[in-house]
Amino acid sequence: MTAQVIDGKAFAATMRGKIASHVARLKEVHHVTPGLAVILVGQDPASEVYVRNKNKSTVEVGMNSYEHKLPADTSEADLYALIDQLNADPAVHGILCQFPVPDHLSERDIVARIDPAKDVDGLHVLNAGLLASGQRAMVSCTPLGCLMLLRDQLGNLSGKNAVVIGRSNLVGKPVAQLLLRDSCTVTIAHSRTANIEEVVRGADIVVAAVGRAEMVKGDWIKKGAVVIDVGINRIPAPERGEGKTRLVGDVDYASAAEVAGAITPVPGGVGPMTIACLLANTVTACCRANGFPEPEGLTA
Ligand SMILES: NC(=O)C1=CN([C@@H]2O[C@H](COP(=O)(O)OP(=O)(O)OC[C@H]3O[C@@H](n4cnc5c(N)ncnc54)[C@H](OP(=O)(O)O)[C@@H]3O)[C@@H](O)[C@H]2O)C=CC1
Ligand SMILES: Nc1nc(=O)c2c([nH]1)NC[C@@H]1CN(c3ccc(C(=O)N[C@@H](CCC(=O)O)C(=O)O)cc3)C=[N+]21
C-alpha cells in the first residue's frame, strides 16, 4: 500500500484565496484592513525565514503587515513597551512574537503581556483555558492546520483513536484538545511514554510533534492510519553537495508511506497550513474586535 499524499501546500493556497476574498470584503464594506504584527528578537536564521514568509503571505492576501525586528539584547522593558503599543493600536488585530527568544526573556511572560484578543498564536492562558473548556478561543495556528487537514481527509473524526506525540503548549496540547472536541479518543505520548511504538500502533490518527528527525518509523504505524507530520528538522544532505541541508519531519516518510492510508509530506504539509491559519486567525480577530460576523470556514 502506498499512502495518499496530503497536499498541505495546495490546501493552504485555497485557504489563502478564501482569506483574500474575506479581506477584500472587509475593506470594501467596512473600510477595515486586518493587520498582523510580528515581533522577532535576535537573529535566528530559521526564524528569519519564517518571519519573511509570514510577511509575504500577509501582504499577498491584502492585509497589513507590521514587522518589528529587535536586537538580541533588547530589554524586557523595551519589548513590553512595544507589546503595549501594539495592544493599544486599533490597526493591529493580531500579534505574534516569534519563538524561541534569547535566554534573558521569558516566553511565558511575553505571551501574558499580549492582549488575548490579539493572541493569534493562541498561547495566552485565557485562550488555552477557553479551548480546554470547550469555549470560543483563539486557537494556535499549527493545531488548527492539522485539524483542518484531518477533517478534509476523514470527514467525521468521531470515535477515532488519535495518538499525539508531543505535549508542548504550542502544538501537542492544543492538537489533543481539538481532537477531543471532535470526539476522538485521544492519547498524548511524550518522552516518558512507555512502549511508545505500541501506543502509536493503536492509532487511526497519528500527529507527530516531537522535533526529532524521522523518529516515527513505518512499523509503528497501523495499516491505513492517517499520519500528520508537524516536525520541521534540518538535517545534513551531503548527496546535494558539501554543506547542504534538507528539511525532514518527525516521521520516517519512506517507511511510513508504505503502511499509512494518508500522510503529510515535509515540506509542503503542515508548514504552509500554519501560515494560512495565522492569516485566518488575524481575520477572525479583526472581525471579533469590530463586532463583524465571524468569517466562515476559517475557524475550527
Ligand atoms: N510545521 C509547523 O508549522 C511547525 C512545526 N514545528 C515543529 O514541530 C516539532 C515540535 O515542536 P514543539 O512542540 O514546539 O517542540 P517542543 O520541543 O516544545 O516539544 C517536543 C515534545 O516532544 C516530546 N519528545 C521529545 N523527545 C521525544 C521522544 N524521544 N519520544 C517521545 N516524545 C518526545 C517532548 O516530550 P517531553 O514533554 O516529555 O519533554 C515534548 O513534549 C519541531 O520539529 C518544530 O520545529 C513547530 C511549530 C510549527
Ligand atoms: N510564536 C511562534 N509561533 C509559531 O507558530 C512558531 C514559532 N513561534 N516558532 C517557530 C515555529 C515553526 N513554525 C513554522 C512555520 C511555518 C513553516 C513552513 O512554512 N514550512 C514550510 C517550509 C519552510 C522552509 O522551506 O524552510 C513547509 O513545511 O513546507 C514551518 C515552521 C512556526 N513556529
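Student: What is the order of the strands in the open sheet of six strands, and with which pairing?

Tutor: This is a predicted model. The order of the sheet is β1-β11-β8-β7-β5-β6, and the pairing is parallel.

Student: Which strands are the edge strands?

Tutor: An edge strand pairs on one side only; here these are β1 (4-5) and β6. Inside the sheet, β5 and β7 are joined in the parallel sense over four bridges. In that pair, Ala-162 stands opposite Ile-205 of β7.

Student: How many helices and strands does the protein have?

Tutor: The protein has 10 helices and 11 strands. Take helix α7 (residues 172-181) as a case.

Student: Is α7 mostly covered or mostly exposed?

Tutor: To read burial, count the other C-beta atoms within 10 Å of a residue's own: 20 or more means buried, 12 or fewer exposed. By that count eight of the 10 residues of α7 are buried, among them Lys-173, Val-175 and Leu-178.

Student: What do the buried residues of α7 pack against?

Tutor: Their partners are the helices α5 (125-132) and α6 and the strands β5 (161-165), β6 (185-189) and β7 (205-208).

Student: Where is Glu-214 found, and is Glu-214 buried or exposed?

Tutor: Glu-214 also has a positive phi, near 55°, and lies in the loop between β7 and β8 (226-229). With 20 other C-beta atoms within 10 Å, Glu-214 is buried.

Student: Which residues does a cis peptide bond with omega of about 0° join?

Tutor: Most peptide bonds are trans. The bond between Phe-99 and Pro-100 is cis, with omega about 0°; Pro-100 belongs to the loop between β4 and α4 (107-113). Another cis bond runs from Val-266 to Pro-267, with omega near -5°. Pro-267 is in the loop between β11 (262-263) and α10.

Student: Which residues come nearest to ligand 2?

Tutor: Among the 19 residues around ligand 2, the nearest are Phe-99, Pro-267, Gly-268, Gly-271 and Thr-274. Two or more residues each come from α2 (45-60), β4 (94-97), α6 (141-154) and α10 (270-290). The largest share, four residues, is from α10. By class, the shell has 12 nonpolar residues, six polar and one charged.

Student: Why does ligand 2 lie between domain 1 and domain 2?

Tutor: Both domain 1 (31-116) and domain 2 (141-272) give residues to the shell, so ligand 2 lies between them. The C-alpha centres of the two domains are 28 Å apart.

Student: How many residues surround ligand 1, and which are the closest?

Tutor: Ligand 1 has 24 residues around it, the closest being Gly-166, Ser-168, Ser-191, Gly-211 and Thr-274. The shell divides into 10 nonpolar, 11 polar and three charged residues. Here too α10 gives the largest share, three residues.

Student: What radius of gyration does the protein have?

Tutor: Its radius of gyration is 19 Å, which agrees with the value near 19 Å for a compact globule of 300 residues. The C-alpha trace spans about 50 × 45 × 35 Å along its principal axes, and 44% of the 300 residues count as buried.

How values were computed
Residues are numbered from 1 along each chain as its sequence is written. Chains are lettered from A and ligands numbered from 1 in the order in which they are written. This is a predicted model: local features need pLDDT of at least 70, side-chain atom pairs count only at pLDDT 80 or more; totals for chains, interfaces and linings use all residues. A residue is near a molecule or strand if its C-beta atom, placed from the backbone, lies within 6 Å of it. Ala, Val, Leu, Ile, Met, Phe, Trp, Tyr, Cys and Pro count as nonpolar, Asp, Glu, Lys and Arg as charged, and the others, Gly among them, as polar. Domain bounds come from an automatic or database domain assignment. Two residues are in contact if their C-beta atoms, placed from the backbone, lie within 7 Å. The radius of gyration is taken over C-alpha atoms; the globule rule is 2.2 Å times the number of residues to the power 0.38. Two strands pair if DSSP finds at least two bridges between them.
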